[in-house]
Amino acid sequence: MKKRESELNYDLKLTYKSEWYKYFGEYEYSVNLIFKSISGGEISIVSLPLAFLIRHTLELGYKMNLIELEKVSGIKAKIEYKGKAAHKIDDLHKEFESQMNEIFKKYQADKETIKQFNTLNKKLTELKKTIHKLDELSTAFRYPVKNDGITPNFDNLDFNDKTDVINFKEIKSLFDDSILLIKYATDVVNDIIQEFENKKETP
(Lines give C-alpha, C1' and ligand atoms only; values in the text may rest on other atoms or scores of the structure.)
Protein backbone atom coordinates (compact mmCIF):
# COMPACT_ATOMS: atom_id res chain seq x y z
CA MET A 1 0.00 0.00 0.00
CA LYS A 2 1.30 3.43 -0.92
CA LYS A 3 2.08 5.53 2.11
CA ARG A 4 -0.24 8.49 2.28
CA GLU A 5 1.62 11.76 2.02
CA SER A 6 1.09 14.37 4.67
CA GLU A 7 -1.38 17.06 3.70
CA LEU A 8 0.48 20.32 3.02
CA ASN A 9 -2.04 22.14 0.85
CA TYR A 10 -3.04 24.74 3.40
CA ASP A 11 -3.49 28.46 2.93
CA LEU A 12 -1.71 30.07 5.86
CA LYS A 13 -2.64 33.67 6.66
CA LEU A 14 0.75 35.04 7.71
CA THR A 15 -0.69 38.28 9.09
CA TYR A 16 -2.14 36.24 11.96
CA LYS A 17 1.40 35.21 12.90
CA SER A 18 2.73 38.77 13.22
CA GLU A 19 3.66 38.67 16.88
CA TRP A 20 7.07 38.09 18.43
CA TYR A 21 6.05 35.07 20.49
CA LYS A 22 4.59 33.35 17.42
CA TYR A 23 7.78 33.85 15.41
CA PHE A 24 9.84 32.63 18.35
CA GLY A 25 7.58 29.62 18.91
CA GLU A 26 7.74 28.48 15.30
CA TYR A 27 11.51 28.79 15.11
CA GLU A 28 11.96 26.94 18.39
CA TYR A 29 9.58 24.23 17.20
CA SER A 30 11.55 23.90 13.95
CA VAL A 31 14.82 23.44 15.85
CA ASN A 32 13.30 20.72 18.02
CA LEU A 33 11.68 19.08 14.99
CA ILE A 34 15.01 18.79 13.20
CA PHE A 35 16.78 17.41 16.27
CA LYS A 36 14.04 14.79 16.68
CA SER A 37 13.91 13.76 13.02
CA ILE A 38 17.60 13.28 12.24
CA SER A 39 19.95 10.53 13.31
CA GLY A 40 23.65 9.81 13.15
CA GLY A 41 25.54 11.45 10.34
CA GLU A 42 22.50 13.30 9.01
CA ILE A 43 23.55 16.23 11.20
CA SER A 44 26.38 16.85 8.72
CA ILE A 45 23.95 17.78 5.92
CA VAL A 46 21.70 20.09 7.95
CA SER A 47 24.36 21.73 10.12
CA LEU A 48 24.26 25.20 8.58
CA PRO A 49 20.47 25.71 8.45
CA LEU A 50 20.11 24.17 11.92
CA ALA A 51 22.80 26.45 13.33
CA PHE A 52 21.05 29.44 11.76
CA LEU A 53 17.66 28.38 13.15
CA ILE A 54 19.15 28.10 16.64
CA ARG A 55 20.80 31.49 16.31
CA HIS A 56 17.66 33.16 15.02
CA THR A 57 15.57 31.54 17.75
CA LEU A 58 17.85 33.18 20.30
CA GLU A 59 17.64 36.55 18.56
CA LEU A 60 13.84 36.41 18.43
CA GLY A 61 13.68 35.27 22.04
CA TYR A 62 15.87 38.09 23.31
CA LYS A 63 13.91 40.75 21.44
CA MET A 64 10.56 39.23 22.43
CA ASN A 65 11.55 39.43 26.09
CA LEU A 66 13.15 42.87 25.97
CA ILE A 67 10.00 44.43 24.54
CA GLU A 68 8.07 43.17 27.57
CA LEU A 69 10.77 43.61 30.22
CA GLU A 70 11.28 47.30 29.51
CA LYS A 71 7.64 47.90 30.40
CA VAL A 72 8.32 46.47 33.86
CA SER A 73 11.78 47.89 34.55
CA GLY A 74 10.84 51.35 33.34
CA ILE A 75 14.12 51.50 31.41
CA LYS A 76 14.05 51.57 27.62
CA ALA A 77 15.73 48.46 26.23
CA LYS A 78 18.46 48.88 23.64
CA ILE A 79 17.08 46.99 20.65
CA GLU A 80 18.30 47.63 17.12
CA TYR A 81 16.12 46.75 14.14
CA LYS A 82 18.40 47.72 11.27
CA GLY A 83 22.06 47.53 10.35
CA LYS A 84 24.67 45.11 11.66
CA ALA A 85 23.82 45.82 15.30
CA ALA A 86 20.30 44.47 14.80
CA HIS A 87 21.54 40.88 14.81
CA LYS A 88 24.23 40.94 17.52
CA ILE A 89 22.99 38.41 20.05
CA ASP A 90 25.95 39.30 22.28
CA ASP A 91 24.52 42.80 22.81
CA LEU A 92 20.97 41.47 23.14
CA HIS A 93 22.07 39.06 25.85
CA LYS A 94 23.74 41.84 27.83
CA GLU A 95 20.56 43.90 27.61
CA PHE A 96 18.46 40.91 28.69
CA GLU A 97 20.65 40.44 31.77
CA SER A 98 20.53 44.16 32.53
CA GLN A 99 16.74 44.30 32.33
CA MET A 100 16.28 41.22 34.50
CA ASN A 101 18.71 42.47 37.15
CA GLU A 102 16.95 45.84 37.23
CA ILE A 103 13.62 44.08 37.79
CA PHE A 104 15.13 41.91 40.53
CA LYS A 105 16.20 45.05 42.37
CA LYS A 106 13.02 47.02 41.70
CA TYR A 107 10.72 44.27 42.96
CA GLN A 108 13.05 42.76 45.58
CA ALA A 109 13.20 39.28 44.08
CA ASP A 110 14.04 36.53 46.53
CA LYS A 111 17.45 34.88 46.54
CA GLU A 112 16.18 31.52 45.30
CA THR A 113 14.59 33.08 42.19
CA ILE A 114 17.79 34.95 41.41
CA LYS A 115 19.83 31.78 41.96
CA GLN A 116 17.63 29.82 39.53
CA PHE A 117 17.93 32.62 36.98
CA ASN A 118 21.72 32.65 37.28
CA THR A 119 21.90 28.87 36.86
CA LEU A 120 19.92 28.90 33.62
CA ASN A 121 21.57 32.09 32.45
CA LYS A 122 24.95 30.41 32.75
CA LYS A 123 23.79 27.84 30.16
CA LEU A 124 22.26 30.55 27.98
CA THR A 125 25.48 32.56 28.14
CA GLU A 126 27.53 29.56 27.07
CA LEU A 127 25.18 28.85 24.16
CA LYS A 128 25.21 32.49 23.10
CA LYS A 129 29.01 32.65 23.23
CA THR A 130 29.38 29.51 21.12
CA ILE A 131 26.97 30.72 18.46
CA HIS A 132 28.16 34.34 18.49
CA LYS A 133 31.80 33.28 18.06
CA LEU A 134 30.94 31.44 14.85
CA ASP A 135 28.38 33.90 13.46
CA GLU A 136 28.60 37.40 14.90
CA LEU A 137 26.25 39.17 12.47
CA SER A 138 23.83 36.44 11.38
CA THR A 139 25.49 35.91 8.00
CA ALA A 140 28.02 33.09 8.42
CA PHE A 141 25.43 30.32 8.76
CA ARG A 142 23.46 31.66 5.79
CA TYR A 143 26.12 32.57 3.21
CA PRO A 144 29.55 31.15 2.30
CA VAL A 145 31.07 34.65 2.02
CA LYS A 146 31.03 37.90 3.98
CA ASN A 147 29.23 41.06 2.83
CA ASP A 148 32.03 41.89 0.41
CA GLY A 149 31.02 38.84 -1.63
CA ILE A 150 34.57 37.48 -1.62
CA THR A 151 35.93 36.74 1.85
CA PRO A 152 34.90 33.27 3.09
CA ASN A 153 33.07 33.15 6.39
CA PHE A 154 34.94 29.97 7.30
CA ASP A 155 38.38 29.52 5.77
CA ASN A 156 40.47 27.67 8.34
CA LEU A 157 41.80 24.58 6.57
CA ASP A 158 43.84 23.34 9.53
CA PHE A 159 41.90 20.27 10.66
CA ASN A 160 43.43 20.45 14.13
CA ASP A 161 42.26 24.02 14.67
CA LYS A 162 38.86 23.90 16.41
CA THR A 163 37.92 27.59 16.19
CA ASP A 164 35.38 26.88 13.44
CA VAL A 165 34.05 23.62 14.91
CA ILE A 166 30.49 23.21 16.20
CA ASN A 167 29.38 20.24 18.29
CA PHE A 168 25.63 19.75 18.06
CA LYS A 169 25.47 17.33 20.98
CA GLU A 170 26.77 20.11 23.20
CA ILE A 171 24.63 22.72 21.46
CA LYS A 172 21.45 20.67 21.91
CA SER A 173 22.13 20.18 25.62
CA LEU A 174 22.67 23.91 26.10
CA PHE A 175 19.68 24.79 23.95
CA ASP A 176 17.31 22.48 25.83
CA ASP A 177 18.29 24.01 29.18
CA SER A 178 18.73 27.67 28.31
CA ILE A 179 15.67 28.03 26.10
CA LEU A 180 13.57 27.57 29.23
CA LEU A 181 14.87 30.89 30.50
CA ILE A 182 13.90 32.69 27.31
CA LYS A 183 10.47 31.04 27.18
CA TYR A 184 9.47 31.68 30.76
CA ALA A 185 11.35 34.84 31.78
CA THR A 186 8.22 36.99 31.67
CA ASP A 187 6.28 34.41 33.71
CA VAL A 188 8.99 34.59 36.36
CA VAL A 189 8.78 38.38 36.31
CA ASN A 190 5.01 38.23 36.78
CA ASP A 191 5.49 35.98 39.81
CA ILE A 192 8.07 38.38 41.26
CA ILE A 193 5.71 41.33 40.87
CA GLN A 194 2.82 39.40 42.39
CA GLU A 195 4.90 38.38 45.39
CA PHE A 196 6.09 41.98 45.82
CA GLU A 197 2.51 43.28 45.73
CA ASN A 198 1.37 40.64 48.21
CA LYS A 199 4.09 41.68 50.66
CA LYS A 200 2.96 45.30 50.40
CA GLU A 201 -0.61 44.31 51.22
CA THR A 202 0.37 42.18 54.20
CA PRO A 203 -0.02 44.22 57.42
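**Figure 1. Helices H1 and H2 are roughly antiparallel to each other because their axes cross at roughly 150°, over the 145° cut-off.** In this predicted model, H1 covers residues 20-37 and H2 covers residues 47-73, and their axes come within 9 Å. The crossing by which H1 passes H2 is left-handed. On the H1 side, the contact is made by Trp20, Tyr21, Tyr23, Phe24, Tyr27, Glu28, Ser30, Val31, Ile34 and Phe35. H2 contributes Leu50, Leu53, Ile54, His56, Thr57, Leu60, Gly61, Lys63, Met64 and Ile67. By class, the residues of this contact comprise 14 nonpolar, four polar and two charged.

**Figure 2. Helices H2 and H3 pack in a roughly parallel arrangement.** H3 spans residues 89-106, and its axis lies 9 Å from that of H2. The angle between H2 and H3 is about 30°, under the 35° cut-off, and the two helices are therefore classed as roughly parallel. H2 and H3 form a left-handed crossing. From H2, the residues in the contact are Arg55, Leu58, Glu59, Tyr62, Lys63, Asn65, Leu66, Leu69, Glu70, Val72 and Ser73. They meet Ile89, Leu92, His93, Glu95, Phe96, Gln99, Met100, Glu102, Ile103 and Lys106 of H3. The contact of H2 with H3 draws on ten nonpolar, four polar and seven charged residues.

**Figure 3. Lys63 of H2 takes part in the contact with H1 and in the contact with H3.** In the contact with H1, the listed residues of H2 include Leu60, Gly61, Lys63 and Met64. In the contact with H3, those of H2 include Tyr62, Lys63 and Asn65.

**Figure 4. The largest cavity holds about 40 Å³ of space.** Rolling a probe the size of a water molecule over the atoms shows where empty space is left. The count of cavities of 30 Å³ or more comes to one. The lining of the largest cavity includes Tyr107, Gln108, Ala109 and Asp110. Ile192, Glu195, Phe196 and Lys199 also line this cavity. Four nonpolar, one polar and three charged residues make up the lining.

**Figure 5. The chain contains five helices and zero strands.** Along the principal axes, the C-alpha atoms of the chain fill a box of roughly 65 × 50 × 30 Å.

How values were computed
Residues are numbered from 1 along each chain as its sequence is written. This is a predicted model: local features need pLDDT of at least 70, side-chain atom pairs count only at pLDDT 80 or more; totals for chains, interfaces and linings use all residues. Side-chain values use heavy atoms; hydrogens and water are left out. On a 1 Å grid over the protein atoms alone, a cavity is a set of points where a 1.4 Å probe fits but cannot get out, and a pocket is an open set with protein on both sides within 12 Å along at least five of seven lines; lining residues have an atom within 4 Å of a point. Grid points are joined across faces, edges and corners, and a volume is the space filled by probe spheres set on the points. Ala, Val, Leu, Ile, Met, Phe, Trp, Tyr, Cys and Pro count as nonpolar, Asp, Glu, Lys and Arg as charged, and the others, Gly among them, as polar. Axes are lines fitted to C-alpha atoms, for helices over the stretch in contact, and angles run from 0 to 180 degrees between N-to-C directions. Helices (H or I, at least four residues) and strands (E, at least two) are DSSP runs, numbered from the N terminus. Angles under 35 degrees count as roughly parallel, over 145 as roughly antiparallel, 65 to 115 as roughly perpendicular and the rest as oblique. A crossing is left-handed if the near helix is turned anticlockwise from the far one by less than a right angle, and right-handed if clockwise. Contact means heavy atoms within 4.5 Å.
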